[in-house]
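The following exercises concern one protein chain and its coordinates. Each task is followed by a solution in steps.

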Amino acid sequence: MAIVEIGGVKVRFITWAEGIALSEALARRIEESGYRPEVIIAISRGGLVPARIISDVLGVDDVISMGVKYWGLAQRRAERPLLYHSIEPGVIRDRRVLIADEVADTGHTLMLAKSLLDLIGAAEVKTAVLHLKTTSRFTPDYYAEKVEEWVWISYPWSRYEDLREFKKRGHDISKYIDKIC
């Protein structure tokens with residue numbers, strides 16, 4: 001689907017098929033690089049679906065979530081990312097870790113997660129996202145697509161959140177969501 005403008009915000013809606021294909025392509029890039037993570041950390045909530053698909057492709061059964069929240073309403077974010085659910089150090093100590101999320105917008109979420117995992121003793125930490133925006137201050141090790149012009153990316157697994165958040169701003173995006181989901 002083409003990019004649409006809703007209330008002054010450019011939005012790109014991703015279908016389930018696109019989300020799966022992007023996740024599989026990302027997993028193949030990781031696989032082709034030779035990196036073999038022992039555990040995958042899914043950034044909750046946006047990175048949960050990509051992490052699950054990546055884990056299947058790579059054959060990594062150990063998938064753990066780390067809750068980090070930065071974005072609220074489309075194009076409005078908190079002052080800094082908030083870690084609201086972490087992991088026990090023993091789970092990742094001395095292990096090769098892959099952090100998976102859906103998008104690197106500012107890069108702050110990935111920086112926070114990587115710093116924490118390095119601090120608590122991961123042997124090696126690599127990062128992967130479906131979309132890398134040029135606005136990101138952090139470049140992940142792997143990404144499926146680079147986004148040159150800033151756009152809000154609406155993933156099918158976050159459609160209800162996006163519906164609620166746009167509605168709070170007085171915009172109904174259901175006609176777009178219904179076409180892709």
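**Exercise 1. Aromatic pairs**

How many aromatic pairs does the structure hold? Classify two of them and state how buried their rings are.

*Solution.* Some conventions come first. The model is predicted, so local features need pLDDT of at least 70 and side-chain atom pairs count only at pLDDT 80 or more, while totals for chains, interfaces and linings use all residues. Residues are numbered from 1 along each chain as its sequence is written, and side-chain values use heavy atoms, with hydrogens and water left out.

Step 1. Rings of Phe, Tyr and Trp (its six-membered ring) pair if their centres lie within 6.5 Å; planes under 30 degrees apart count as stacked, over 60 as edge-to-face and the rest as tilted. The structure holds 4 aromatic pairs under this criterion.

Step 2. For W150 and W152 the ring centres are 6.5 Å apart and the planes stand at 45°, so this pair is tilted.

Step 3. Y155 and W157 form a stacked pair, with 5.1 Å centre to centre and 15° between the planes.

Step 4. Burial is judged by relative accessible area (buried under 20%, exposed over 50%, partly exposed in between; 1.4 Å probe, protein chains only). W152, at 10%, counts as buried. Y155 is buried at 2%, and W157 is buried at 18%.

Step 5. Ring pairs also link W16 with Y155 and W157 into a cluster.

**Exercise 2. A charge over a ring**

Which residue lies over the face of Y35?

*Solution.* The criterion is that NZ of Lys or CZ of Arg is within 6 Å of the ring centre and within 35 degrees of the ring normal. K126 lies over the face of Y35, at 5.5 Å from the ring centre.

**Exercise 3. Nonpolar cores**

Identify the central members of the largest nonpolar core and the elements that supply it.

*Solution.* Step 1. A nonpolar core is a set of buried Ala, Val, Leu, Ile, Met, Phe, Trp, Tyr and Cys residues joined through side-chain atoms within 4.5 Å. The largest such core has 24 residues, of which L26, I30, I54 and L98 touch the most other members.

Step 2. Helices (H or I, at least four residues) and strands (E, at least two) are DSSP runs, numbered from the N terminus. At least two core residues come from each of α1 (16–33), β3 (39–44), α2 (48–58), β6 (96–104), β7 (124–133) and β8 (142–147). The most is given by α1, with 4 residues.

Step 3. Contact means heavy atoms within 4.5 Å. Neighbours within four places in sequence aside, I54 is in contact with S23, L26, A27, I30, I40, L98 and A100.

Step 4. Apart from this core lies another, of 21 residues, among them A113, L117, I120 and L132.

Step 5. The buried residues in α2 include P50, A51, I53, I54, S55 and L58. G59 follows α2 and has a positive phi, near 70°.

**Exercise 4. Loops and backbone geometry**

Where do S86, R93 and D94 lie, and where does a cis peptide bond occur?

*Solution.* Step 1. S86 is in the loop between β5 (77–85) and α3 (89–92). With a relative accessible area of 34%, S86 is partly exposed. Its contacts, leaving aside neighbours within four places in sequence, are S65 and L116.

Step 2. R93 belongs to the loop between α3 and β6 and is partly exposed at 43%. Beyond neighbours within four places in sequence, R93 is in contact with I120, G121 and A122.

Step 3. D94 is found in the loop between α3 and β6. D94 is exposed at 60%, and its phi is positive, near 65°, in a residue other than glycine.

Step 4. The cis peptide bond joins S44 and R45, with omega about 15°; R45 lies in the loop between β3 and α2.

**Exercise 5. The whole chain and its confidence**

What is the mean pLDDT of the chain? Describe the overall fold dimensions as well.

*Solution.* Step 1. On the predictor's scale of confidence in each residue, from 0 to 100, the chain has a mean pLDDT of 90, and 90% of its residues reach 70 or more. Over residues 73–77 the pLDDT is below 50, although this stretch has 16 contacts in the model beyond near neighbours in sequence.

Step 2. The chain has 6 helices and 9 strands. The C-alpha trace spans about 50 × 35 × 25 Å along its principal axes.

Step 3. Buried residues make up 49% of the 181 residues.
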